[in-house]
Amino acid sequence: MAWVDFAITLPFALPAISYWLLGFIYHLDQRFALNSPVPTFDPVSMMFVNIMGVLGVIWALARIGNPREELARLDALGRLAVAALIIHAITWGATPLLWLFVGTEIIGSAIQYKKPKKSD
């Protein structure tokens, strides 16, 4: 799981790629006629996106280098918190495409909680 997290969060840590990726998500939103309002990604918003990406990368690397049961359990809890935050964003108007991320976070949480010794 940590390698997947690393691959998914790395683009958000890189400013040029994260801006493109967010634009692509809203491009898909429009293509699927979901017509969610497209937020403006100002420099401060993008800074927080990039900080989130860096923290995700660091956390993934910590779990890759030290796959302990305690870290797997914390990761499972963190995934549920992230799922709740994504749901909150959707209720405030973010694209419904984010439900895919909610699903992956809940599934990832179950995997991390059930198999903590083989979490990564």
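Tutor: Helices (H or I, at least four residues) and strands (E, at least two) are DSSP runs, numbered from the N terminus. The model is predicted, so local features need pLDDT of at least 70 and side-chain atom pairs pLDDT 80 or more, while totals for chains, interfaces and linings use all residues. Residues are numbered from 1 along each chain as its sequence is written, and side-chain values use heavy atoms, without hydrogens and water.

Student: In which loop is the place of alanine 33?

Tutor: Alanine 33 is not a glycine, yet its phi is positive, at about 55 degrees. Its relative accessible area of 53% makes alanine 33 exposed (buried is under 20%, exposed over 50%, partly exposed in between, with a 1.4 Å probe and protein chains only). Its place is the loop between α2 and α3.

Student: Asparagine 35 is not a glycine; what is its positive phi, in degrees?

Tutor: Asparagine 35 is found in the loop between α2 and α3. The residue counts as exposed, at 54% relative accessibility. Although asparagine 35 is not a glycine, its phi is positive, at about 50 degrees.

Student: Is tyrosine 26 buried or exposed?

Tutor: Tyrosine 26 is found in helix α2. Leaving aside residues up to four places away in sequence, tyrosine 26 touches Ser36, Pro37, Val38, Pro39, Phe41, Ala94 and Thr95, where contact means heavy atoms within 4.5 Å. Because its relative accessibility is 10%, tyrosine 26 counts as buried.

Student: How many Å apart in space are tyrosine 26 and leucine 98, C-alpha to C-alpha?

Tutor: In sequence, tyrosine 26 and leucine 98 are 72 residues apart. In space, their C-alpha to C-alpha separation is 10 Å.

Student: Which elements are included in what covers the buried residues of α3?

Tutor: The buried residues of α3 are Met46, Val49, Asn50, Gly53, Gly56, Val57, Ala60 and Arg63. What covers these buried residues of α3 includes α1, α2, α4 and α5.

Student: With the side chain of which residue does the side chain of arginine 63 make a polar contact?

Tutor: Arginine 63 has its place in helix α3. At 1% relative accessibility, this arginine 63 counts as buried. A polar contact is a pair of N or O atoms within 3.5 Å; within protein, one must be able to donate a hydrogen and the other to accept it, and residues adjacent in sequence count only if both atoms are side-chain atoms. At 2.9 Å, the side-chain partner of arginine 63 is aspartate 5.

Student: Which residues lie nearest the centre of the largest pocket?

Tutor: A pocket is an open set of points on a 1 Å grid over the protein atoms alone where a 1.4 Å probe fits, with protein on both sides within 12 Å along at least five of seven lines; lining residues have an atom within 4 Å of a point. The largest pocket is lined by 39 residues. The elements that give two or more residues to this lining are α1 (2-13), α2 (15-31), α3 (43-65), α4 (69-91) and α5 (99-114). Nearest the centre of the largest pocket lie Phe12, Met52, Val82, Ile86 and Phe101.

Student: How far apart in space are glutamate 70 and isoleucine 86, C-alpha to C-alpha?

Tutor: Glutamate 70 has its place in helix α4. With a relative accessible area of 48%, glutamate 70 is partly exposed. Glutamate 70 and isoleucine 86 are 16 residues apart in sequence, and their C-alpha to C-alpha distance in space is 24 Å.

Student: What is the relative accessibility of glycine 103?

Tutor: Glycine 103 is found in helix α5. From methionine 52, glycine 103 is 51 residues apart in sequence and 19 Å apart in space, C-alpha to C-alpha. Glycine 103 counts as partly exposed because its relative accessibility is 28%.
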